[in-house]
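The sequence and structure come first.

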Amino acid sequence: MKIDIIIAYLQRYEFGHERDFVPPITGIHLAAITPAHHTVRVFHQQVDPIPPDSDADLIAISFFSGFAIPAYQLATEFRKRGKVVVAGGPHVTYCADEALGYFDAVVTGEAESAWPAMLADLEKGEMKTIYKGTPCDMQSLPTPRYDLLPNRFFIKKVIQATRGCPFSCSFCTVPSLNPGFRLRPVADVVRDAAYDHFPWWWQRKIVWFWDDNLTIRRPFIRELLREMIPLKKWWLTQASMDIAKDPELLDLMKASGCIGVFLGIESFGVESLADANKRQNRIEQYSVAVKAIRKRGIAVMAGFIAGFDHDDEKSIVQMADQLMEIGIDVPFLSIMTPFRGTPIYSTLQQEGRILENRNWNFYNGYNVAFIPKKISEAQLLNAHRALWKKSFSPWYACRRIVRGALTLRWGAFLMSMFMNGFYAYKRVRKNSPIDMSKRTDLNQLAEQLEMQRREVVQARGRAIRPAV
Ligand code: B12
Ligand code: SF4
């Protein structure tokens, strides 16, 4: 069969077709685990035009909740043209019933065995509507199909070495989406890290681990990093703050070429951290931890969330200064979003605080989809935007760049300069995150989709026909 895999996307900033510099691994991984007798193409909606007249036998769409509307729109268009359209990913995993209104079939959970099973059934003309994926053992996973990535992604070598995370933060789906903590064989990961068929030196040099929490199992990460030293790469990952208490690991990270670590710091409030169930973070240790990592020349990227029950406007906006004080190189600032499958969603739903009139466009990490406790929805949105603007003001961004120039290793400095420069440029051009309540075009689209969906279901029914 000819299969088109599409990673749906909706721009999250005011204007311009915003895209990420680093691609998702999902599409090229799915392509790699597709049985070899199929022909696969991968499209990333953020950079690729999606061919409406595709001659593919099967359209497979992956998406996060915040990109569900464009994904449903694509599915509706393709189904109108008679295509078989299926889906998978975090949103579908928790909202399978809803998704089945738009797709012929869905895969929930992990796809390593469910996807080939779905394809085999489709070839036989016996495709079911739901395939429940089980956690994969991560053994013998192939190298992602890097050859299918469009050139418009600045960095290309994205890798996953582990899956899962032992923590249980209240806003995160990882513990239920990817249960347990599973490892790939070190040799497989090193093989992928050594993949060098890219045109530009930085695409060969930079390895970005898209793991949930790479450093959890210490013997594994030590072995992996020792094996990576001879590759002479620059690499980045997500990790927990406890790495800062392990000088031997930090030295090994440095020796193996680590240039950036993303820490989920989330908040500077003790009670907000409790709201987040972020037991592993200690506010009094933030500075020391960041210092220990930066001492190795490694840049610290960190995520902060606005909108926990104990947050108010002041505590949100003052994070701009607090994150400067503790020495963060690149901040990522989001609004608490009650994703399905998270403990925080269950709590807010029980308390009647989910805003039912907010469609999936509001679930992009930059908008408010629930009723905050201490402040109004508008106050939360405005406080987040004030935090964003202050954090990426040219003055703050320049301070971080200069600090990086003085203290970080070369690759880490380049990355920090690039990201801070990029966000400061956005800030100067007033290209801030979209306030979805003002985007009537996108919200009308969401309403129109429901009508179109009904028409397609009426015309096509839910019956699934063989693809070939
Ligand atoms: C790497 C990552 C990122 C990266 C890359 C983003 C990207 N577009 O891929 C970065 C750091 C940029 C990122 C950003 C964001 N992320 Co993120 N991210 C992850 C993370 C840690 C790993 C995802 C991954 O690559 N896994 C490895 C690949 C191989 O697996 P996979 O994508 O899960 O796909 C598997 C299955 O789901 C299935 N599958 C997936 N799609 C399809 C499609 C079909 C047809 C089939 C058959 C199967 C299938 O098959 C795959 C193999 O098993 C997950 C956590 C997690 N464990 O999922 C969060 C996660 C996906 N992110 C999340 C969020 C919310 C975001 C942000 C909105 C955060 C923010 N506040 O800004 C942004 C969105 C930015 C963007 N432009 O996309 C949420 C999504 C929740 C939801 N319901 O939508 C997650 C689940 C974390 C969480 N908070 O719970 N993220
Ligand atoms: S530490 Fe990170 S990946 Fe793990 S549960 Fe918390 S937010 Fe999710």
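## Ligand 1 and its shell

Each of domain 1 (2-136 + 442-460) and domain 2 (154-428) contributes at least three residues to the shell around ligand 1. The model is a predicted one, and the distances and counts reported here should be read with that in mind. Around ligand 1 there are 38 residues, of which Asp20, Thr26, Ser62, Thr173 and Asn178 come nearest. Sorted by class, this shell around ligand 1 comprises 18 nonpolar, 14 polar and 6 charged residues.

In the side chain of Thr173, an N or O atom is 2.5 Å from an oxygen atom of ligand 1, while a polar side-chain atom of Ser62 lies 2.7 Å from a nitrogen atom of ligand 1. For Arg12, a polar side-chain atom lies 2.8 Å from an oxygen atom of ligand 1. Two or more residues of the shell around ligand 1 are given by each of helix H1 (26-32), strand E3 (58-62), strand E4 (84-88) and helix H6 (174-177).

The domain assignment of the chain gives domain 1 as 2-136 + 442-460 and domain 2 as 154-428. Taken over C-alpha atoms, the centres of domain 1 and domain 2 are separated by 27 Å. Contact between them involves 29 residues of domain 1 and 30 residues of domain 2, and the area that domain 1 and domain 2 bury between them is about 2500 Å², with 61% of it on carbon and sulfur atoms. On the side of domain 1, the residues that lose the most area to domain 2 are Tyr13, Phe21 and Tyr94, which together account for 27% of what that side buries.

Polar and charged pairs also cross this interface. Between domain 1 and domain 2 the count is 18 residue pairs in polar contact, with both residues at pLDDT 80 or more, and 4 salt bridges are found across the interface. Separately, Lys426 forms a salt bridge with Glu18, in which the closest N and O atoms are 2.8 Å apart. The elements that give two or more residues to the side of domain 1 that touches domain 2 are H1, helix H2 (68-80), helix H3 (90-94) and helix H19 (440-460), and the largest share, 4 residues, comes from H3. By class, that side of domain 1 has 18 nonpolar, 6 polar and 5 charged residues.

## Ligand 2

Ligand 2 is surrounded by Cys165, Phe167, Cys169, Phe171, Cys172, Asp212, Lys278 and Gln280. By class, the residues of this shell around ligand 2 divide into 5 nonpolar, 1 polar and 2 charged.

The salt-bridge count comes to 31. One of the listed pairs is Arg79 with Asp104, whose closest N and O atoms are 3.1 Å apart. This pair links distant parts of the chain, with Arg79 in helix H2 and Asp104 in the loop between helix H4 (96-99) and strand E5 (105-108), 25 residues apart.

Lys374 has its place in the loop between helix H15 (343-350) and helix H16 (377-391). Although Lys374 and Gly307 are 67 residues apart along the chain, their C-alpha atoms are separated by 9.1 Å. When neighbours within four places in sequence are left aside, Lys374 is in contact with Asp309, His310, Asp311 and Asp312.

Technical notes:
Residues numbered from 1 in each chain as written. Chains lettered and ligands numbered in written order. Predicted model: local features only at pLDDT ≥ 70, side-chain atom pairs only at ≥ 80, totals over all residues. Heavy atoms only, no water. Near = heavy atom within 4 Å. Polar contact = N/O pair within 3.5 Å; in protein donor to acceptor, adjacent residues only side chain to side chain. Nonpolar A, V, L, I, M, F, W, Y, C, P; charged D, E, K, R; others polar. Domains from an automatic or database assignment. Contact = heavy atoms within 4.5 Å. Buried area = accessible area lost by both parts, 1.4 Å probe. Salt bridge = Lys/Arg side-chain N within 4 Å of Asp/Glu carboxyl O.
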